[in-house]
Amino acid sequence: MPGDRGAPPDEEPLIGDGVTLGITRVADTVRRPVRPFTATIQAYLAHLRQAGFSDAPKPLGIDEQGREVLSFVEGDVPREPLPPEATGEDVLAALAGLIRRLHDAAQSWTPPRDAVWATLPGTEAIPPVDIDAELVGHRDYCPGNVVFRNGLPAALIDFDLARPTTRLYDIANALYWWVPLLHPQDRTPALVSADISHRTAVFADAYGMSDRQRRDLVPLARRMVHRFHLTSRAAAEADPVFRRFWEQGVKDRMPRAEAWLAQEGTAIAARLTTSRDRTTG
Ligand SMILES: Nc1ncnc2c1ncn2[C@@H]1O[C@H](COP(=O)(O)OP(=O)(O)O)[C@@H](O)[C@H]1O
Ligand SMILES: [Mg+2]
């Protein structure tokens, strides 16, 4: 009903990071607005399940109101700033294992010819840094897109930004949010003086990163963080939601992250390539 902001009694509004409006829970399902990329993402989610990865929403088609239907994933979803219990090394290792299993399941999917992928508003002209795609990855591991059970990451939700990418780019995205690859002043209090090189190595070992991925990570992460800066500024110019994020701190956080990574990158790379459990490749 136009102007009626109240959800029907059997619908519980779900408010995440405030990007997607109109998400509701109905019993054990979630309803989300249909976007141009919805059919592509539902096909991807269906493939993941066929390939044995079930730690993501199950695609359930379109409801009678024309909304996307997904299974509701039980658990707790943290918000920024990350709570202290979501900052342990066991959390990083569990997330790395989850992403490794997602990648291994995604590897065997070829997107349809008419696949449609999302872009943030106003960012179409900014060149990507994840070229030479290997698979379709999640690409948006912000805290609000990770479901915890028993204190550890157990499932991934919100595949809106999934698209063809590299394993390394997807890993770098997760590291940015969870290690995190941020200047100390922009981290959650529990991680202000964290050993970022060590935390990166914990993730790398749990994922089973190859020698080549370890060598290429820091240069790629620097290009990714620089691009985040460009895309968040462009999105802020194009869209009021992203303008709010920009004004509320992104405009300072991104240049600080770039400068910090330029300084700390060498130490992170050195620690990664001397870390013990690495695989070859
Ligand atoms: N399938 C799902 N299962 C469980 N919770 C969900 C699901 N989809 C969304 N949510 C909840 O709703 C919030 C917002 O949904 P999300 O799809 O992440 O939208 P946004 O684009 O706004 O980030 C999530 O952070 C989560 O708490
Ligand atoms: Mg989300």
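Modeller: A salt bridge here is a side-chain nitrogen of Lys or Arg within 4 Å of a carboxyl oxygen of Asp or Glu, and by that rule four salt bridges cross the interface of domain 1 and domain 2. In the pair formed by Asp158 and Arg32, the closest N and O atoms are 3.3 Å apart. The model is a predicted one, in which local features need pLDDT of at least 70 and side-chain atom pairs count only at pLDDT 80 or more, while totals for chains, interfaces and linings use all residues. Side-chain values use heavy atoms, with hydrogens and water left out, and residues are numbered from 1 along each chain as its sequence is written.

The domain assignment (bounds from an automatic or database assignment) gives domain 1 as 12-71 and domain 2 as 84-274. To the contact, meaning heavy atoms within 4.5 Å, domain 1 brings 20 residues and domain 2 brings 29 residues. About 1900 Å² is buried between the two domains, with carbon and sulfur atoms giving 66% of that area; buried area is the accessible area (1.4 Å probe) that two parts lose on being put together, summed over both. Of the area that domain 1 buries against domain 2, Tyr44, Phe53 and Asp55 supply 31%, more than any other three residues.

Definitions and conventions: Chains are lettered from A and ligands numbered from 1 in the order in which they are written.
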